[in-house]
Amino acid sequence: MKKEMTWEEAMARIEEITALLESNTISLDESMKLFEEGTKLTAFCSKQLDTARQKITTLTKE
């Protein structure tokens, strides 16, 4: 089983996906798959940032 991706790994993959989508060298079908993957990675990153913000808020209140 693969370990959960880190925020940094997810951001790197989002950058790869963006470059591929901007290249206009892939099929529509592949573009849709990459877009779906990118959307999931973006949600993952957003959740990670929200968790980090919550921890910082908690720590600064103590």
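This is a predicted model: local features need pLDDT of at least 70, side-chain atom pairs count only at pLDDT 80 or more; totals for chains, interfaces and linings use all residues.
## Helix pair

Two packed helices are described by the angle between their axes and the distance between the axes. Here the pair is H1, residues 7-23, and H2, residues 28-61. Their axes come within 9 Å. They cross at roughly 150 degrees. The angle is over 145 degrees, so H1 runs roughly antiparallel to H2. The crossing of H1 past H2 is left-handed.

H2 contains 34 residues. From first C-alpha to last, H2 reaches 49 Å. That is close to the 50 Å expected at 1.5 Å a residue.

## The contact between H1 and H2

On the H1 side, the contact is made by Trp7, Ala10, Met11, Arg13, Ile14, Ile17, Leu20 and Leu21. On the H2 side, it is made by Ser31, Leu34, Glu37, Gly38, Leu41, Thr42, Phe44, Cys45, Gln48 and Leu49. By class, this contact has 12 nonpolar, four polar and two charged residues.

Which residues of H2 are buried? They are Ser31, Leu34, Gly38, Leu41, Phe44 and Cys45. These buried residues of H2 pack against H1. An α-helix has 3.6 residues a turn, so residues three or four places apart point the same way.

## Leu21 and Ser31

Leu21 belongs to helix H1, and Ser31 to helix H2. The two are 10 residues apart along the chain. Their C-alpha atoms are separated by 6.3 Å.

Is Ser31 buried or exposed? Ser31 counts as buried because its relative accessibility is 17%, under the 20% cut-off. Leu21 has a relative accessible area of 31%, so Leu21 is partly exposed. Leaving aside neighbours within four places in sequence, Leu21 is in contact with Ile26, Ser31 and Leu34. With residues up to four places away again not counted, Ser31 touches Leu21 and Ile26.

## Glu37

Glu37 is a residue of helix H2. Its relative accessibility is 29%, so Glu37 counts as partly exposed. Which residues does Glu37 contact, leaving aside its neighbours within four places in sequence? They are Arg13 and Ile17. Both of these are listed on the H1 side of the helix contact.

The C-alpha atoms of Glu37 and Ile14 are separated by 8.5 Å. Along the chain, Glu37 and Ile14 are 23 residues apart.

## Lys47

Lys47 lies in helix H2. At 57% relative accessibility, over the 50% cut-off, Lys47 counts as exposed. Lys47 and Glu15 are 32 residues apart in sequence. In space they are 18 Å apart, C-alpha to C-alpha.

## The loop and Asn24

Asn24 sits in the loop between H1 and H2. Its phi is near 55 degrees. That is a positive value in a residue other than glycine. Most residues other than glycine have a negative phi.

Is Asn24 buried or exposed? Asn24 counts as exposed because its relative accessibility is 69%.

Note on methods
Residues are numbered from 1 along each chain as its sequence is written. Side-chain values use heavy atoms; hydrogens and water are left out. Axes are lines fitted to C-alpha atoms, for helices over the stretch in contact, and angles run from 0 to 180 degrees between N-to-C directions. Helices (H or I, at least four residues) and strands (E, at least two) are DSSP runs, numbered from the N terminus. Angles under 35 degrees count as roughly parallel, over 145 as roughly antiparallel, 65 to 115 as roughly perpendicular and the rest as oblique. A crossing is left-handed if the near helix is turned anticlockwise from the far one by less than a right angle, and right-handed if clockwise. Contact means heavy atoms within 4.5 Å. Ala, Val, Leu, Ile, Met, Phe, Trp, Tyr, Cys and Pro count as nonpolar, Asp, Glu, Lys and Arg as charged, and the others, Gly among them, as polar. Buried means under 20% relative accessible area, exposed over 50%, partly exposed in between (1.4 Å probe, protein chains only). The expected span of a helix is 1.5 Å times one less than its number of residues.
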